[in-house]
Amino acid sequence: MNKQTQTVLNYHNRTKHQLERYAKGPESLDWEDQPDQFRHFSGCDIVTLPKPGAELEPLFTDLDNPQSIVPMPLDMGSAGLLLELAFGLSAWKQFGPSRWALRCNPSSGNLHPTEAYLLSTGYDFIKSGVYHYVSHDHSLEQRCRFPDNFPDSGILISLSSVHWREAWKYGKRAFRYCQHDIGHALGALRYAAATLGWSVKLLAEWSDEDIAKLLGLDREDFKQQEHESPDIICRINTHADSKPLDTKALIEAAQSGAWFGKADSLRAYHMYKWPIIDEVSTAASKPQTEEPERQAVRQQAIESSCTKTATEIIRQRRSAQQFDGKMSPLPQTDFYRILAAILPTTAAFELWRWPPKIHLFIFVHRVEGLAPGIYALPRHNDALEKLQAATLADFDWQKVSEEIPLYHLLSGDCKQIAKTLSCHQPIASDSAFSLAMVAEFGEPIEAAPWLYRHLFWECGLIGQTLYLEAEAAGIRGTGIGCYFDDSVHETLGIKDDKFQSLYHFTVGKPLEDKRIETLSAYGHLNDVV
Ligand SMILES: Cc1cc2nc3c(=O)[nH]c(=O)nc-3n(C[C@H](O)[C@H](O)[C@H](O)COP(=O)(O)O)c2cc1C
């Protein structure tokens, strides 16, 4: 086993929450000193995007067949909408003197370590160069202007993470959450693009080093401890006849371009240091690789009764803080529709270029026509036998649906166990169902340590789909990053690292906290826009 793989596995094991002890985090938090959630680069030209909040016609269910949506022309308005629907603010919340923003993409602890960049290669609507998106102001900061002769090949979106923002609250485990958040952001980008009639191509061949060069993350402008780690670069296909992209020329354009501005400090006092995060980040950094093209085999989605537009669903997405434990059972068709939406044969997963490695173990609490108990949803046929071999011999693996690969494993009330496993959080037991996302783990990471990050991204992508599908079904979801890793494995009978649980999720009927006021997402810009 090489050193990088060892470092990654060591990180994973040391950041497991145990029933008797949580992974190490800060002993105290000063909320007055929280790292700034909105990064600014001072000294850049600012491009104000058109007023956010535009409604588009496509229904949420139209996104099942995105080719039926007429593509919007690429201009300042549509590029702004893409950014808003993916990473923009969706509301402000107020409770007493506390006020906090929510965004279209969720984030563990609402800390938002993900930063988004728009890269323009043409001159149609904005000068070619690198732009940092400031969701608070719905504006772009121009970081780099490319030399004038760059060939026009549309726009790209790239994502990075400020690990410190998350580590400030969660300590060692934060690197995991940053990766989940990247997966959610990628999912949010896909849904936003599909709403505009566009699609997302994950440029998975790129090395992290090249992404850093393109975004200027390797420049002196960054404060050492608040640096951004490169994660993802995507091409946005806005027209069927997109011109080819010369990636080498793109990096050269960034290197020979004119750079502006300097990353402002995020201001929090760095009382605790988490060197293990830098170690795992280095060990899991990605070189340039060759990656497969995905041969998409799309299956028909299960019918939904949702009549809302995609923009409505995207902007109303929230995490439930509490669920109604007395809800009437979730209609079975809604349950099946939600689960079918996370299968790799749906439009939402076309951008994911690899066979699925994440499978679900579901704690069914309140679903019409299904006995409460534990169920499994292998997301790939090839995984079925491996999962059967790796889990408890008592599981009966009875297929219960014609429409989706859902298997009954064990009957019984598992509310208490679901709650205990998810760090004693009632959201895992008061819902209609909660679940563990279990990854094919040891083998891929031995082959390539950076796949550790991919596994979390795939979980986040599934999570984002669950969030939106739950809204479309008139209920609500919540991501759960806090769970007792090895207790989940024991419950399922998993004995080694062939499989590991990497994320939990829960879906049910939300209970609103009436004391918390909801304010409009961009009301604060009214005087300015
Ligand atoms: C990776 C991840 C892990 C999360 N873990 C938990 C959790 O363990 N418990 C919880 O109540 N909420 C959890 N959440 C929900 C976040 O707290 C929520 O996304 C954040 O407060 C922003 O609110 P919003 O989703 O309504 O925009 C998680 C979200 C993500 C994306």
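**Close-up views of a predicted chain**

**View 1. Helix 13 and the residue that follows.** Just after helix 13, G474 adopts a positive phi of about 80°. This is a predicted model, in which local features need pLDDT of at least 70 and side-chain atom pairs count only at pLDDT 80 or more, while totals for chains, interfaces and linings use all residues. Residues are numbered from 1 along each chain as its sequence is written. Helices and strands are DSSP runs numbered from the N terminus (H or I, at least four residues, for helices; E, at least two, for strands). Helix 13 covers residues 451-472, and its end C-alpha atoms lie 32 Å apart, which agrees with the 32 Å that its 22 residues should span at 1.5 Å a residue. That expected span is 1.5 Å times one less than the number of residues in the helix. Helix 13 is also mostly covered, with 22 of its 22 residues buried. A residue counts as buried if 20 or more other C-beta atoms lie within 10 Å of its own, as exposed if 12 or fewer do, and as partly exposed in between, with C-beta atoms placed from the backbone.

**View 2. Helix 2, residue by residue.** Helix 2 (residues 76-87) reaches 16 Å from its first C-alpha to its last, close to the 16 Å expected for its twelve residues at 1.5 Å a residue. Ten of these twelve residues are buried, so helix 2 is largely enclosed by the rest of the structure.

View 3. The domain assignment, automatic or from a database, gives domain 1 (30-51 + 69-283) and domain 2 (319-508). Their centres, taken over C-alpha atoms, are 29 Å apart. In this view, 21 residues of domain 1 are in contact with 21 residues of domain 2, where contact puts C-beta atoms, placed from the backbone, within 7 Å of each other. On the domain 1 side, helix 4 (174-195) and strand 9 (199-202) each supply at least two residues. Helix 4 gives the most to that side, with 14 residues. By class, the domain 1 side has eleven nonpolar, six polar and four charged residues. Here Ala, Val, Leu, Ile, Met, Phe, Trp, Tyr, Cys and Pro count as nonpolar, Asp, Glu, Lys and Arg as charged, and the others, Gly among them, as polar.

**View 4. The shell around the ligand.** Of the 20 residues around the ligand, P106, H180, S319, G479 and G481 come nearest; a residue is near if its C-beta atom, placed from the backbone, lies within 6 Å. Both domains take part, as domain 1 and domain 2 each provide at least three residues of the shell. Strand 4 (98-103), helix 4 and strand 18 (476-480) each supply at least two, and helix 4 gives the most, with four residues. The shell has six nonpolar, eleven polar and three charged residues.

**View 5. Y269 in its loop.** Y269 sits in the loop between strand 12 (262-263) and helix 7 (275-283). With 9 C-beta neighbours inside 10 Å, Y269 counts as exposed. Look for D30 here too: Y269 and D30 are 239 residues apart in sequence, yet their C-alpha atoms are 9.5 Å apart in space.

Note on methods:
Contact = placed C-beta atoms within 7 Å.
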